[in-house]
Amino acid sequence: MRLAYIVHDLADPAVARRLAMLAPHLASAVVIGFHRDAAPPARVAGWPTVPLGRTEDARLGKRVLSVLRARLQLGAIGPHLAGATVVMSRQLETLVLARAARARFAPGAMLVQECLDVHRLLVGETWKSLMMRRLEGRLLRACDLLLVSSPAFLREHLVPAHGAALPPAMLVENKVLQAELAPPAPAPAARLPAVPPWRIGWYGVIRCRESLMLLAELVRRLPGRVEVEIRGRPAPSAIPDFEAVVAATPGLHFLGPYDRRRDLAAMYRGVHFAWAIDYFEAGANSDWLLPNRLYEGSLHGAVPITLARTETGRWLARHRAGVLLQEPLQQALPAFFAGLDAAGYAAAAAAVAAIPQADLVEDGAALATALLQAQARDARLPLPAAGAPVPV
């Protein structure tokens, strides 16, 4: 396929992962999008980029203006869509550009939208939310295929809001890519002994201040019994006092960014538990998503900790694995760790080890096959044969 990928942030690691997933099936690709850093990357996953300008995290108003400016200058995008067979958009804001660019410069291409989060402005009954949902529905009606990373996005938001107007949907979970798995080491590193201090790993995009405060309070209440290791990209817009909280809390450690291919296995093998709780958009997106760390932690033997009432909790409950907590966590967390012993941890680790690898790892073949089959069709697309209907 010849892919034009229009994204909200060229430096988002998930953009590179999607391209890596499709790489064996791409004749060509171009990545068109905005950037958050001062200088945009020249290439993403080996493919050239077309920067559309700089935007800011958590500044939706400014991002909307950036999209409108890019929409007025659509002619600059046109040459990069020549010959595209698939135009794919990541997040709702870039679908405005993708729909217009496809219609003008690549009318024969299929239009694919990725729904990987549901922005809080799309939820609720305010006039802004109603307007945003109306816009979302109009944009989605132009799409040929909708990719969702969690069935809850359909069940809780997309189907109730848009019903039969939705395009065919395909579930593509945030599983670990086969290509990301390091070759087996001659002597795999031993796991931590099943004794305190119990180590919790919180990895990825660090944007939930409530999680930070819960973990800080936990290590303060159980000094020497629980430690927390944080790695990834803290979001200053969401946790402006992140560095101050970490510095003031013995037992809470921030070790900076990491490389998925090089560091993932060692990181999770170096902790007992993986933090999979998020309150950033509680009651909506945070309850519905299935995060990367769920699959990463489980694959590498770290027991996920989550809320029983969330989609992550339901996923783990189906697999009879994980630590599923009830609220309030201020009581549930310290109670769990105060009572944890070696036998309890061994049972939890064994349950995670029993999760089938196919539920944690994929090679991207199903998505690529669906896109290749679908782009060969002329009319509006039925659900691709390679993508099972998403349970709602």
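I began with Arg133, which counts as buried because its relative accessibility is 15%, and the limit for buried is under 20%. I note here that I am working with a predicted model.

**Entry on Arg133 and its partner.** I looked up what the side chain of Arg133 meets, and I found a salt bridge with Glu125, at 3.5 Å from N to O.

I then searched for salt bridges in general, and the count comes to 20. I followed Glu229, which forms a salt bridge with Arg199, with the closest N and O atoms 2.9 Å apart. This pair links distant parts of the chain, for Glu229 is in strand E11 (residues 226-234) and Arg199 is in strand E10 (residues 198-206), 30 residues apart. When I checked accessibility, both Glu229 and Arg199 turned out to be buried.

Next I looked at Glu327, whose side chain meets that of Arg309 in a salt bridge of 2.8 Å, N to O. Here too the pair links distant parts of the chain, 18 residues apart: Glu327 is in the loop between strand E15 (323-325) and H12, while Arg309 is in the loop between strand E14 (303-307) and helix H11 (311-318). Glu327 is partly exposed, with a relative accessible area of 37%, and Arg309 counts as partly exposed at 36% relative accessibility. I also recorded that Arg17, Glu180, Arg260 and Glu296 are joined into one network by salt bridges that share partners.

**Entry on aromatic rings.** How many aromatic pairs does a search of the whole structure find? I noted 10 aromatic pairs. In one of them, Phe273 and Phe337, the ring centres are 5.3 Å apart and the planes stand at 85°, so I call the pair edge-to-face. Phe273 lies in strand E13 (residues 273-275) and Phe337 in helix H12 (residues 329-339), so this pair ties together parts that are 64 residues apart in sequence. Phe273 counts as buried at 1% relative accessibility, and Phe337 counts as buried at 0%.

I found Phe273 again in a pair with Tyr345, where the centres are 5.5 Å apart and the planes at 70°, so this pair is edge-to-face as well. Tyr345 is in helix H13 (residues 342-353), and its pair with Phe273 in strand E13 links distant parts of the chain, 72 residues apart. Tyr345 is buried, with a relative accessible area of 5%. Finally, I saw that Trp198, Phe273, Phe336, Phe337 and Tyr345 form one aromatic cluster.

I looked up helix H3 (residues 92-105), which has 14 residues and reaches 20 Å from its first C-alpha to its last, close to the 20 Å expected. Its buried residues include Leu92, Leu95 and Ala98. In helix H2 (residues 60-72) I picked out Val64, which counts as partly exposed at 40% relative accessibility. Val64, Leu65 and Leu68 make a nonpolar surface patch of about 260 Å².

**Entry on a loop residue.** Is Thr249 buried or exposed? I found that Thr249 counts as buried, with 2% relative accessibility, and that its place is the loop between helix H7 (242-247) and strand E12 (252-254). Leaving aside neighbours within four places in sequence, I listed Ala216, Val219 and Arg220 as the residues in contact with Thr249.

How values were computed: Residues are numbered from 1 along each chain as its sequence is written. This is a predicted model: local features need pLDDT of at least 70, side-chain atom pairs count only at pLDDT 80 or more; totals for chains, interfaces and linings use all residues. Side-chain values use heavy atoms; hydrogens and water are left out. Rings of Phe, Tyr and Trp (its six-membered ring) pair if their centres lie within 6.5 Å; planes under 30 degrees apart count as stacked, over 60 as edge-to-face and the rest as tilted. Helices (H or I, at least four residues) and strands (E, at least two) are DSSP runs, numbered from the N terminus. Buried means under 20% relative accessible area, exposed over 50%, partly exposed in between (1.4 Å probe, protein chains only). The expected span of a helix is 1.5 Å times one less than its number of residues. Contact means heavy atoms within 4.5 Å. Patches are made of residues with over 30% relative accessible area and no salt bridge: like charges are joined within 9 Å, nonpolar side chains (Val, Leu, Ile, Met, Phe, Trp, Tyr) within 5 Å. Accessible areas come from the Shrake-Rupley method with a 1.4 Å probe; for residues, only the protein chains shown count as cover. A salt bridge is a side-chain nitrogen of Lys or Arg within 4 Å of a carboxyl oxygen of Asp or Glu.
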